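This report goes through a protein chain part by part. Please keep the sequence and the model in view while reading.

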Amino acid sequence: MLKYVKNYVDILDVIRTTCGPTENKFGNGYIKIFTISIEQYQKVQSTLKVQGFDYYLVRPIDKRPLKVVIKDLPLDHDTDVIKNCLKKHGFVIGKVTRLTQFRTRQTLPFFLVEVGKSEISTKPEEIFKLKNLNHLSITVDPYRGRKKTIQCFKCNRFNHTAELCSMTPRCLKCGQSHTTIECEIKQRIEKPICINCNQVGHVAAYRGCAEFPKLTTAHKNRNNNFDSNKYLVNSNIS
């Protein structure tokens, strides 16, 4: 996703010359560049990076990890142990995260696991056949998490993460070209100025901001497939 600038034609000409023809579509201040192969995708990424253009990546579908939820393990089970056990089964494991209830932040006995793809590893889909882990019986379900707006911690814009961001950093506090964590201002600001809408009184992470993307009613009502609220009620029954 290339950030729109007035000389966008010159940028797309550079991409066409170095990477070949692409399909390009404008929307919401960005130009989405569609490539025809993973090789062209990588060439476009390299060109944008070398030229110093502002952009963020949308990871190709075949490169995205499979996300699953492992249930029936102890609440305090070590996530590194889970990762190492799964690696012994031949899986390529990224993150292993203990889930929490959205509103109360109460820790749940569910572990979100990202399973990567590799030609020499066990196929990610095989994890659904796994019935035991670290000598305990488990259940593995697809992950269908709560739909939420994604905000980048690097540039504080939306719909992408810092991991895939090559935009100029913007500080949430002072608006300068550095990440918020690097800002010299450590104390709370009484009257902050939002770097997205320029209004006084809130920062760009404020969900009530006019520029903060709003979820549809369907997204708001969507439930997690592991039904965490139901589990919390049942867990208190002896």
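Which residue of strand 3 is the bridge partner of N24? The partner is I33.

## Basis of the model

The model is predicted: local features need pLDDT of at least 70 and side-chain atom pairs count only at pLDDT 80 or more, while totals for chains, interfaces and linings use all residues. Residues are numbered from 1 along each chain as its sequence is written, and side-chain values use heavy atoms, with hydrogens and water left out.

## Domains

The protein is divided into domain 1 (2-58), domain 2 (62-142) and domain 3 (148-216); these bounds come from an automatic or database domain assignment. Between the C-alpha centres of domain 2 and domain 3 there are 31 Å.

Strands here are DSSP runs of E with at least two residues, and helices are runs of H or I with at least four residues, both numbered from the N terminus. Two strands pair if DSSP finds at least two bridges between them. An open sheet is formed by three strands in the order 1-3-2, with antiparallel pairing. Its edge strands, each pairing on one side only, are strand 1 (2-3) and strand 2 (23-27). Five bridges connect strand 2 with strand 3 (residues 30-34) in the antiparallel sense.

Helix 1 (residues 8-19) packs on this sheet and touches strand 1, strand 2 and strand 3; contact means heavy atoms within 4.5 Å. The direction of helix 1 makes about 15° with that of strand 3. Axes are lines fitted to C-alpha atoms, for helices over the stretch in contact, and angles run from 0 to 180 degrees between N-to-C directions.

Another open sheet has four strands in the order 5-6-4-9, and the pairing is antiparallel. Strand 5 (92-100) and strand 9 (139-142) are the edge strands, each pairing on one side only. From one strand to the next, the twist averages 30°. Strand 4 (residues 66-71) and strand 6 (residues 107-116) run antiparallel and are joined by five bridges. V69 stands opposite L112 in strand 6.

## Helix 3

Helix 3 (residues 79-88) lies across strand 4, strand 5 and strand 6, at about 145° to strand 5. I82, C85 and L86 of helix 3 are buried, meaning under 20% relative accessible area with a 1.4 Å probe, protein chains only. They are on the same side of helix 3 because they cover an arc of only 95° around the axis, taken from the directions from the helix axis to the C-beta atoms. The buried residues of helix 3 pack against strand 4, strand 5, strand 6 and strand 7 (132-133).

How values were computed
Buried < 20%, exposed > 50% of the residue type's maximum accessible area, 1.4 Å probe, protein only.
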